[in-house]
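User: I'd like to learn how to read a structural model one feature at a time. Could you take me through this one?

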2 protein chains.
Amino acid sequence: MSAYDDLMAFQRETEALGQVMGRLGWDQETMMPRGAAAQRSEEMAALEGVLHARRIDPRIADWHGAIDAGLLDDVGRANLRHIWRGYQRNVKIPAALAGEIARVTSMAQGIWAEARAAEDFAAFAPTLERVVGLRQEEAAALAGPNGDLYDALLDDYEPGATAAQLQAMFDALRPRLVALREKVLGADKQPRALAGDFDEAGQLRISAALASTFGYDLDKGRIDKAVHPFSSGSGQDVRITMRTDAQNPFDCFYSTIHEVGHACYEQAIDPRHLLTPLGAGVSMGVHESQSRIYENQIGRSRAFCGHLFKQMSAEFGDLSVGGADGFYGTVNRVQPGFIRTEADEIQYNLHVLMRFDLERDLISGQLAVADLPEAWNARFKADFGVAVDKPSNGCLQDVHWSVGLFGYFPTYTLGNVYAACLHRAMLADLPNLDVSLATGDTAPATTWLREKLQMHGGLYEPRELVAKACGFEPSEGPLLDYLEAKFSDIYAL
Amino acid sequence: MSAYDDLMAFQRETEALGQVMGRLGWDQETMMPRGAAAQRSEEMAALEGVLHARRIDPRIADWHGAIDAGLLDDVGRANLRHIWRGYQRNVKIPAALAGEIARVTSMAQGIWAEARAAEDFAAFAPTLERVVGLRQEEAAALAGPNGDLYDALLDDYEPGATAAQLQAMFDALRPRLVALREKVLGADKQPRALAGDFDEAGQLRISAALASTFGYDLDKGRIDKAVHPFSSGSGQDVRITMRTDAQNPFDCFYSTIHEVGHACYEQAIDPRHLLTPLGAGVSMGVHESQSRIYENQIGRSRAFCGHLFKQMSAEFGDLSVGGADGFYGTVNRVQPGFIRTEADEIQYNLHVLMRFDLERDLISGQLAVADLPEAWNARFKADFGVAVDKPSNGCLQDVHWSVGLFGYFPTYTLGNVYAACLHRAMLADLPNLDVSLATGDTAPATTWLREKLQMHGGLYEPRELVAKACGFEPSEGPLLDYLEAKFSDIYAL
């Protein structure tokens with residue numbers, strides 16, 4: 001199997017260089033001196049050039065042609081599938097187009113940030129038109145004459161998923177989520193908000209304890225502060241960041257658990273897949289399923305909230321939220337709001353569904369960039385019952401489109417759908433899970449996820465992996481059932 | 001000048017990737033999780049492979065051949081000289097040999113560390129033989145049939161220098177240094193040692209203040225703790241590390257000033273040279289001249305010690321060293337000792353001279369690895385008057401040879417020679433320098449160095465650069481005069 005060995009040796013170096021690129025991104029957000037931005041962008045462009053050349057190296061086709069896949073085991077076949085899919089995708093994108101996308105999106109992020117600060121959508125519109133146009137061009141190159149443009153973009157984040165399939169799922173979600181949202185906001189019983197100042201040292205102590213509680217291995221990772229929480233890296237070096245907000249310690253605690261979910265997934269992958277295409281989370285949707293099940297189904301469960309209530313009371317004194325029972329409601333409090341990243345479990349998905357519909361229309365050309373604010377605001381009124389007051393609370397709130405991330409948003413809700421399916425299967429296997437969670441012991445849950453799903457890395461296709469772990473085909477049903485049951489309980493509906 | 005532009009665009013990417021490699025090294029010593037070592041070594045090997053391929057890319061020869069150097073300005077000619085020298089050097093080293101050197105020296109470092117901890121030279125000898133053999137082979141490939149092996153290695157660290165030239169300089173240094181050492185140690189007047197525990201927070205405050213005092217720009221740099229102090233990076237991102245020792249705050253303060261000297265040199269280089277061959281310090285000797293003049297001629301001067309005495313007294317209370325005058329002696333105290341890195345300004349050079357002679361004999365084959373301890377111990381007795389008690393105090397003390405750094409040691413003393421020359425020229429231009437230094441104002445000195453030397457980066461050859469800055473040809477005279485005057489004063493000789 002010399003051609004396979006040669007291909008894998010080449011790929012292993014590419015994966016290693018990809019890890020280096022990830023570390024540069026981490027460094028930029030955590031450690032880089034402020035005055036090094038210009039030099040850093042040249043460093044990253046040079047490394048990206050090296051990576052791009054390797055991803056379209058013609059030797060990949062030669063090796064692939066010389067390999068008899070029938071002689072490979074399941075790991076070998078999965079590696080070959082990943083490598084060949086990536087190669088076929090990358091060679092379809094003209095180098096000039098790839099360079100232009102990199103150049104324009106890098107510039108667009110700054111223009112978006114300025115327009116957002118100035119509440120001036122018109123200042124961003126020409127740039128967004130350019131970004132949409134370039135991604136349409138890329139999608140056309142990828143899809144070929146008969147393919148779907150949006151599917152071609154989506155495939156990069158969620159291999160095998162199609163817009164039509166997601167549309168069916170999201171169409172089933174939306175009416176029940178809208179109805180649940182209305183019932184919850186109209187309920188007589190409303191949880192108290194958390195009030196007061198929570199000192200940073202105390203937040204950091206609880207955050208570190210939570211990371212450990214959920215099984216994050218600091219021997220192969222580290223925690224730093226950054227403006228935005230994120231997880232980065234695979235294999236032996238998976239780092240997370242967090243932040244603190246004196247008025248809102250839940251932001252610190254639940255973003256920590258969220259990033260720990262991402263990081264534990266990477267850390268749990270079978271070491272035999274290290275620095276191979278199988279050595280990283282298999283898709284954005286599956287990745288998000290892990291961060292969300294850690295954060296929500298486990299971390300925001302009544303049982304685990306009882307544990308967190310004790311930790312917070314010990315650290316900060318009386319929380320004045322009506323005991324452990326009140327605290328559970330406070331953690332899961334649903335409130336009207338414009339911002340996706342601050343939304344509760346119900347409204348979060350409504351935000352995502354809206355962006356999915358709007359970005360498909362942008363890519364298909366049915367929606368002009370100039371008409372985006374109007375379309376956004378109308379849809380927001382329909383789903384959330386509120387008029388958007390300013391662009392930073394509306395279509396300028398997320399960075400994604402400015403950096404060309406079309407096809408990425410739906411993976412957030414797909415992750416929630418997968419998380420709920422996995423949670424249902426987990427509870428069937430672990431009927432007494434709440435007993436452990438109430439004492440702050442997440443090991444039964446995280447071990448279940450590690451063995452059923454995380455350890456496999458990229459061995460199976462995303463949907464196949466979730467189906468195997470669950471023992472049933474994933475669908476939106478478990479998420480809806482979970483949300484309706486949970487919030488009916490909290491709000492006494 | 002299209003060929004020149006193409007060559008420079010290619011080189012600029014190589015320089016950027018070289019900076020990425022440096023950042024990985026920094027990360028490894030400061031931030032990397034303990035369990036990530038194996039993966040990191042693959043990441044660095046992959047990037048090193050990319051860099052090596054670029055350094056011997058045949059297009060360099062094509063571009064070089066197509067350029068009419070007569071049409072270039074001085075910057076263009078200097079860039080071409082650096083690129084062509086590097087290319088010619090790198091293409092002479094067979095790929096298999098380069099790979100074997102990387103593999104063996106990477107492994108040798110661990111074996112050296114274990115042998116050193118076990119005080120067992122025999123356990124390291126076979127590995128050292130292998131390292132010496134590989135570097136001899138490399139030197140032979142570089143030197144050609146008539147060249148000198150040691151010069152071929154030295155040229156990588158100090159372009160243009162030869163062993164014969166250094167030998168003449170060192171032969172003039174050694175007897176006067178040995179004589180000075182004996183007089184100082186036999187003097188009636190002996191400075192007091194610093195005693196007590198110095199709390200870490202106080203050390204960190206003074207260390208940060210010193211970095212700022214010497215002009216280190218934190219907008220384009222950062223300070224972290226590490227096991228060994230070092231400086232890393234060029235251009236807009238030049239980072240340093242430091243450490244603290246409760247019993248020895250001078251270790252923290254003077255290694256900070258030393259690394260700040262290296263870092264300020266990199267930060268001062270004309271921004272037009274950013275990410276070009278001229279955008280980094282021109283040689284190891286010149287680099288060391290900057291770290292040493294910051295540390296010694298400025299930082300250990302009577303005037304600056306007066307300032308540091310006030311800082312330390314304010315932070316730590318009574319130092320019990322006999323006031324500012326006693327403190328100056330304490331800072332510059334000469335003591336018998338085995339370890340190069342802990343040595344004072346006099347004995348430091350004797351350590352370096354010894355390694356220079358021994359390593360030349362190892363590379364020429366006149367000294368067998370098996371006979372190294374005996375040769376080391378005999379020479380140590382001759383120069384330092386003391387018998388070496390164990391290998392970790394003898395020939396196992398430095399990491400350099402285990403990682404194949406033959407030809408590097410002499411640049412330490414060359415740096416001291418250059419520093420003393422620059423200091424003499426600086427005092428001629430700034431006769432009242434002490435008045436500023438006594439108030440903690442180093443700006444006249446650092447500005448002089450920046451304008452005379454640092455800003456030029458790689459524009460001139462090392463020795464030419466120092467001669468231009470000084471206005472005279474560098475020699476060992478100023479170093480000897482400086483040391484004899486300084487220590488005669490302190491020790492009342």
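User: Let me begin with one residue: is L275(A) buried or exposed?

Analyst: The test counts neighbours: a residue is buried if 20 or more other C-beta atoms lie within 10 Å of its own, exposed if 12 or fewer, and partly exposed in between, with C-beta atoms placed from the backbone. L275(A) has 24 C-beta neighbours inside 10 Å, so L275(A) counts as buried. L275(A) sits in the loop between α10 (249-268) and α11 (284-298) of chain A. Before we go on, please note that this is a predicted model, where local features need pLDDT of at least 70, side-chain atom pairs count only at pLDDT 80 or more, and totals for chains, interfaces and linings use all residues. Residues are numbered from 1 along each chain as its sequence is written, while chains are lettered from A and ligands numbered from 1 in the order in which they are written.

User: What should I look for in the backbone of L275(A)?

Analyst: Most residues other than glycine have a negative phi. In L275(A), phi is positive, near 55°. A492(A) also has a positive phi, near 50°. A492(A) lies in the segment after α20 of chain A and, with 9 C-beta neighbours inside 10 Å, counts as exposed.

User: How many helices and strands does chain A have, and how are the strands arranged?

Analyst: Chain A has 20 helices and 3 strands. Two strands pair if DSSP finds at least two bridges between them. The 3 strands form an open sheet in the order β1-β3-β2, with mixed pairing. Its edge strands, β1 (223-225) and β2 (231-232), each pair on one side only. β2(A) and β3(A), residues 239-242, pair in the antiparallel sense over 2 bridges, and S231(A) stands opposite I240(A).

User: How do I judge the overall fold of chain A?

Analyst: Start with the radius of gyration, taken over C-alpha atoms; the globule rule is 2.2 Å times the number of residues to the power 0.38. For 493 residues a compact globule would be near 23 Å, and chain A has 23 Å, which agrees. Buried residues make up 46% of chain A.

User: And where does chain B touch chain A?

Analyst: In all, 33 residues of chain B are in contact with 33 residues of chain A. On the chain B side, α1 (2-30) and α2 (37-55) each supply at least two residues, and α2(B) gives the largest share, 9 residues.

Technical notes:
Helix = DSSP H or I, 4+ residues; strand = E, 2+ residues; numbered from the N terminus. Contact = placed C-beta atoms within 7 Å.
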